[in-house]
Amino acid sequence: MSESNIRDLYQQVIMDHNKKPRNFREMLDANHLAHGNNPLCGDALVVFVKMTGDVIEDLSFQGSGCAISVASASLMTEILKGKTLEEAEEIYQQVHKQMTNEDVDPAILGKLEVLAGVREFPARVKCATLSWHTMHTAMESDHDISVTTE
Ligand code: ZN
């Protein structure tokens with residue numbers, strides 16, 4: 001995608017997912033969860049994960065944050081649901097690389113490529129990555145732990 005296409009698509013996707021966040025709910029039978037905080041912006045999210053074997057059977061989030069943090073979390077829940085832990089890890093790494101301007105694999109990123117639009121606003125990169133770091137932390141623990149992006 002060209003830079004201007006990414007910019008347009010980025011704005012559309014962020015608006016859409018912020019207005020109608022997917023999987024925005026508490027999950028009572030989650031077996032992994034973590035709290036994520038981005039004090040720079042005031043974003044505070046909880047990510048709930050239900051693993052069955054090594055498959056992410058369900059993924060949801062709650063909390064409050066700016067449009068970018070909510071939209072990124074919403075996209076994440078949509079994309080990672082049904083993936084294996086290994087696939088989720090691969091996607092997480094690609095998202096991270098994208099934000100740090102490293103080479104990425106568009107085939108793995110898929111529609112997450114639009115998140116690259118946030119790089120034009122460096123102060124908001126942490127908003128976009130908050131849910132991803134929180135999900136990653138949740139996967140690594142059976143306990144409720146907190147992540148702060150600083
Ligand atoms: Zn934010």
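Glu120 is partly exposed, at a relative accessible area of 41%. (Buried means under 20% relative accessible area, exposed over 50%, partly exposed in between, with a 1.4 Å probe and protein chains only.) This is a predicted model, where local features need pLDDT of at least 70, side-chain atom pairs count only at pLDDT 80 or more, and totals for chains, interfaces and linings use all residues. Residues are numbered from 1 along each chain as its sequence is written, and side-chain values use heavy atoms, with hydrogens and water left out.

### Exercise 1

Place Glu120 in the chain, then state how far its C-alpha atom is from that of Arg7.

**Solution.** Step 1: find the element. Glu120 sits in the loop between α4 and α5. (Helices are DSSP runs of H or I with at least four residues, strands are runs of E with at least two, and both are numbered from the N terminus.) Step 2: take the distance. The C-alpha atoms of Glu120 and Arg7 are separated by 8.9 Å. Along the chain, the two residues are 113 residues apart.

### Exercise 2

Which protein atoms are the donors of the zinc ion, and what spacing do they follow?

**Solution.** Step 1: list the donors. They are Cys41 (SG), Asp43 (OD), Asp43 (OD), Cys66 (SG) and Cys127 (SG). They lie 2.2 to 2.6 Å from the zinc ion. (Donors are N, O and S atoms within 2.8 Å of the metal, or 3.2 Å for Na, K and Ca; water is not among the atoms, so sites may look incomplete.) Step 2: read the spacing. It is C-x1-D-x22-C-x60-C. Step 3: locate one pair. Asp43 lies in strand β2 (residues 43-52) and Cys127 in helix α5, so this pair ties together parts that are 84 residues apart in sequence. Step 4: check burial. Asp43 is buried at 2% relative accessible area. Cys127 is buried too, at 0%.

### Exercise 3

Describe how α3 and α5 pack, and sort the residues of their contact.

**Solution.** Helix α3 (residues 85-99) and helix α5 (residues 125-140) pack at about 155°, with axes 11 Å apart. (Axes are lines fitted to C-alpha atoms, for helices over the stretch in contact; angles run from 0 to 180 degrees between N-to-C directions.) Step 2: name the arrangement. α3 is therefore roughly antiparallel to α5. (Under 35 degrees counts as roughly parallel, over 145 as roughly antiparallel, 65 to 115 as roughly perpendicular, and the rest as oblique.) Step 3: find the residues. The contact includes Leu85 and Tyr92 of α3 and Trp132 and Met139 of α5. (Contact means heavy atoms within 4.5 Å.) Step 4: sort them. The contact has ten nonpolar, four polar and one charged. (Ala, Val, Leu, Ile, Met, Phe, Trp, Tyr, Cys and Pro count as nonpolar, Asp, Glu, Lys and Arg as charged, and the others, Gly among them, as polar.)

### Exercise 4

At what angle do α1 and α2 cross?

**Solution.** Step 1: the axes of α1 and helix α2 (residues 67-80) come within 8 Å and cross at roughly 85°. Step 2: α1 and α2 are therefore roughly perpendicular to each other. Step 3: the contact residues include Tyr10 of α1 and Leu75 of α2.

### Exercise 5

Is Asn101 buried or exposed?

**Solution.** Step 1: Asn101 is in the loop between α3 and α4 (106-109). Step 2: Asn101 is exposed, at 57% relative accessible area. Step 3: its phi is positive, about 60°, although Asn101 is not a glycine.
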